[in-house]
Amino acid sequence: MECTITSTTATKRTRGGFTLVELMVASGIGVIVFVLAATIIFFSARSFAALTNYVDLDRVGRNALDTMSTEIRQVDALTSFATNKVVFRGTDPISTGAYLLTYTYDPSKKTLTGEFTGARREKRVLLSECQTFLFSSFQRNPMNGSYDQYPTDPNRPDLCKLVQVSWVCSRDILGKKANTESVQSAKFVIRKQ
């Protein structure tokens with residue numbers, strides 16, 4: 001038996017790796033994917049914040065409307081009127097004492113406050129971050145052929161039967177001012193008038 005030794009020549013092994021061109025293409029694609037992901041996350045966060053703000057501002061607005069509706073409908077008369085401040089006179093049925101109910105919009109603080117003075121003293125902020133707010137007052141008699149009301153003479157607030165309020169609130173969303181609440185408006189009838 002013959003043994004022959006065969007030898008193989010060692011081939012050069014090439015090392016696996018990226019060339020500079022491949023690395024640059026991969027880096028470029030990675031940056032593009034990262035920028036797209038960051039953009040989607042940013043806009044998703046902004047949309048979520050806007051939706052959250054809208055729901056919160058709507059809740060606060062409804063609470064303010066409910067509170068004002070209950071209080072204005074129970075007063076006796078409007079005693080003073082301005083587009084940013086109204087004062088009502090009322091009588092408390094429990095203590096039979098007179099009180100004043102004042103709503104004031106402060107454009108510098110962007111707040112609407114309600115205040116009771118008399119036997120019961122209380123001051124509270126009903127709305128904050130309110131960009132615009134407007135009170136309007138109307139007389140008892142409607143205009144012929146419509147559901148509109150006559151505006152009250154500013155010198156005769158005692159003739160007021162209906163008070164209208166309208167406002168817009170907004171907040172900053174990730175550093176950008178955005179209206180996240182539509183215009184709120186309501187009319188309140190003074191029942192005792």
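This passage describes the fold, packing and surface of one predicted protein chain.

The model is predicted, so local features need pLDDT of at least 70 and side-chain atom pairs count only at pLDDT 80 or more, while totals for chains, interfaces and linings use all residues. Residues are numbered from 1 along the chain as its sequence is written, and side-chain values use heavy atoms, with hydrogens and water left out.

The secondary structure comprises 1 helix and 11 strands. Helices (H or I, at least four residues) and strands (E, at least two) are DSSP runs, numbered from the N terminus.

Two strands pair if DSSP finds at least two bridges between them. Strand S4 (residues 111–118) pairs with S5 over 5 bridges, in the antiparallel sense. Thr 113 stands opposite Val 125 in S5.

Contact means heavy atoms within 4.5 Å. Among contacts in the chain between residues at least 6 apart in sequence, 48% join residues at least 24 apart.

Ala 77 is found in strand S1. Ala 77 has a relative accessible area of 6% and is therefore buried. Buried means under 20% relative accessible area, exposed over 50%, and partly exposed in between (1.4 Å probe, protein chains only). Ala 77 and Lys 161 are 84 residues apart in sequence, yet 8.1 Å apart in space, C-alpha to C-alpha. Of the 193 residues of the chain, 32% count as buried.

The chain exposes about 13200 Å², and carbon and sulfur atoms supply 59% of that area. Accessible areas come from the Shrake-Rupley method with a 1.4 Å probe; for residues, only the protein chains shown count as cover. Met 24 lies in helix H1 (residues 20–73). Met 24 counts as exposed because its relative accessibility is 58%.
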